[in-house]
Amino acid sequence: MRAYNSGRILARKDVCRRIVDLYGTEWMVIHRARYHALLLDEATRLGVDIHPGCEVQDVEVRPDSTVVRLHDGRTFAGHVVIGADGLWSQMRRSAWQDHTEPSETGDLAYRGTFSADQLKDMRDEGVDELLEASDVQVWMGPGKHVVFYPLNGGTQYNLVLLRPDNLPPNTRTGVGSLDEMRQTFEGWDPRLTRMIAQLDTALKWKLCHCEELETWVKGSIALLGDACHPTLPYQAQGAAMAVEDGLVLGVLLGRLQQSPELTQDGTKQQALNQVLALYERLRKARTTINVQGALNMRDFFHLGDGEEQVWRDGIMREYNESGAWPEGCRWNWGDVGYERSLLGFDLVVDAGGQFDRWREGREA
Ligand SMILES: Cc1cc2nc3c(=O)[nH]c(=O)nc-3n(C[C@H](O)[C@H](O)[C@H](O)COP(=O)(O)OP(=O)(O)OC[C@H]3O[C@@H](n4cnc5c(N)ncnc54)[C@H](O)[C@@H]3O)c2cc1C
């Protein structure tokens with residue numbers, strides 16, 4: 001969580017260029033630790049003040065600034081405060097006086113990461129086949145699914161195992177038993193069960209989400225990421241959406257910063273608050289579609305045996321054979337229009353254009 005006071009904005013192009021320089025373009029997934037490191041480097045380079053180890057207690061809007069108070073009593077004041085504090089957002093609780101807890105989705109995840117060498121050392125032809133595919137592999141079954149994909153240019157692999165939640169209510173994570181994890185997928189593809197057998201921890205992660213919030217912005221305070229649109233991870237879009245929120249905020253606040261004529265004569269706070277409202281308008285509808293898409297994906301992955309499951313397996317088979325999704329595919333990622341509208345949309349161009357329209361309206 002950060003308080004921005006006409007702060008500098010992360011330069012997306014620089015970050016992207018560095019990712020490409022470091023890791024090349026032939027892979028799709030970056031480990032979050034590396035991504036965090038890149039963002040941290042970029043923020044440091046831009047001169048952002050970073051204060052680690054701060055636990056925010058509350059936020060208060062005062063006539064001349066918005067003040068964030070930490071548990072240790074320190075305060076930080078800014079013209080704008082962004083609450084990027086995740087699913088259990090204290091900022092949401094404090095600013096909105098919203099004490100509703102996130103709701104349980106009924107699913108939980110186990111996660112495991114392997115080095116490529118660890119998997120090759122298994123000397124298992126079936127597992128080698130999966131490594132050679134260097135693509136996202138998904139196994140689906142009633143109420144459960146598994147996703148396996150390369151990270152960091154294929155030097156690491158991630159295995160995410162999803163199953164019905166059996167953690168006690170109000171628990172966020174828990175150490176599960178290896179036996180239970182293995183038994184959950186007993187009888188599935190033997191290549192998968194042999195990989196699961198290699199895992200030596202079974203951390204369980206309860207998957208929760210929230211009803212769509214009425215608003216993410218309250219005057220000079222805005223929420224971002226899981227704090228305002230937590231999602232099931234079934235489209236792999238949660239962190240992506242948080243980054244997109246940051247990008248749009250960056251474009252809008254950056255453009256305002258470059259337009260001093262809009263913030264003169266005591267109108268700076270009003271302009272900032274209007275830009276935050278514009279941020280919500282640009283992002284909320286898009287993230288709502290994305291969150292709903294993840295729920296649809298859950299239905300698709302977890303179908304019980306029957307007619308729909310036969311239909312699903314049919315379209316997956318058709319794709320495997322022809323390399324093209326059937327016309328009007330009902331699966332989100334098989335629907336080119338859906339994919340294009342979520343992943344092919346140029347947020348930077350759109351946010352810039354919307355900023356210009358807002359400015360014209362203000363000047364009129
Ligand atoms: C199993 C699983 C797999 C996933 N896979 C993917 C994927 O492949 N792709 C993808 O895009 N997304 C994925 N996600 C989703 C992704 O992890 C989240 O959407 C993303 O981390 C949200 O980022 P955030 O910054 O909004 O919140 P968080 O990552 O939760 O960060 C919030 C930060 O705020 C801090 N914080 C909390 N309270 C306070 C406080 N009071 N004071 C100060 N700081 C505070 C926390 O310590 C934390 O550092 C996955 C999620 C799960 C559970």
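This is a predicted model: local features need pLDDT of at least 70, side-chain atom pairs count only at pLDDT 80 or more; totals for chains, interfaces and linings use all residues.

User: Why is the contact between Arg 69 and Asp 58 called a salt bridge?

Analyst: The term asks for a side-chain nitrogen of Lys or Arg within 4 Å of a carboxyl oxygen of Asp or Glu. The N to O distance between the side chains of Arg 69 and Asp 58 is 3.1 Å, so the pair meets the criterion. Arg 69 belongs to strand 3 (residues 66-70) and Asp 58 to strand 2 (residues 56-61), so the bridge ties together parts that are eleven residues apart in sequence.

User: Are these two side chains buried or partly exposed?

Analyst: Buried means under 20% relative accessible area, and exposed means over 50%. Asp 58, at 18%, therefore counts as buried, whereas Arg 69, at 29%, falls in between and is partly exposed.

User: What makes the pair Glu 60 and Arg 62 a salt bridge, and are its members buried or partly exposed?

Analyst: The closest N and O atoms of Glu 60 and Arg 62 are 3.5 Å apart, and because the limit is 4 Å, the pair qualifies. Glu 60 has a relative accessible area of 35% and is partly exposed; Arg 62 is likewise partly exposed, with a value of 35%.

User: How many salt bridges does the rule give?

Analyst: By this rule the count comes to 20 salt bridges.

User: How do you know that strand 2 and strand 3 are paired?

Analyst: Pairing requires at least two bridges between the strands, and five bridges join strand 2 to strand 3, which run antiparallel. Within this arrangement, Val 56 stands opposite Leu 70 in strand 3.

User: What makes strand 2 and strand 4 edge strands?

Analyst: The open sheet has three strands in the order 2-3-4, with antiparallel pairing. Strand 2 and strand 4 (75-78) each have a single partner strand, so one side of each is left without a neighbour in the sheet. From one strand to the next, the twist averages 20 degrees.

User: Why is strand 11 described as largely enclosed by the rest of the structure?

Analyst: Strand 11 (residues 203-209) has seven residues, five of which are buried, so the strand is largely enclosed by the rest of the structure.

User: Which strands pair with strand 11, and over how many bridges?

Analyst: Strand 6 (residues 103-115) pairs with strand 11 in the antiparallel sense over six bridges, and strand 10 (residues 173-175) does so, also antiparallel, over three bridges. At residue level, the bridge partner of Ser 103 in strand 11 is His 209, Leu 108 stands opposite Lys 206, and Thr 173 has Trp 205 as its partner.

User: Why is Ala 116 called buried, and what does it touch?

Analyst: Ala 116, which lies in helix 4 (residues 116-120), has a relative accessible area of 7%, and because the cut-off is 20%, the label buried applies. Leaving aside neighbours within four places in sequence, Ala 116 is in contact with Leu 131, Gly 154, Thr 155, Gln 156 and Tyr 157.

User: What makes a group of residues a nonpolar core, and which residues have the most contacts inside the largest one?

Analyst: The members must be buried nonpolar residues of the listed types, joined through side-chain atoms within 4.5 Å. The largest such core has 38 residues, and those with the most contacts inside it are Leu 223, Leu 252, Leu 256, Tyr 279 and Trp 358. Among the elements giving two or more residues to this core are strand 13 (221-223), helix 8 (238-257), helix 9 (268-301) and helix 12 (347-363). Apart from it lies another core, of 22 residues, including Met 122, Leu 161, Met 181 and Trp 188.

How values were computed: Residues are numbered from 1 along each chain as its sequence is written. Side-chain values use heavy atoms; hydrogens and water are left out. Helices (H or I, at least four residues) and strands (E, at least two) are DSSP runs, numbered from the N terminus. Buried means under 20% relative accessible area, exposed over 50%, partly exposed in between (1.4 Å probe, protein chains only). Axes are lines fitted to C-alpha atoms, for helices over the stretch in contact, and angles run from 0 to 180 degrees between N-to-C directions. Contact means heavy atoms within 4.5 Å.
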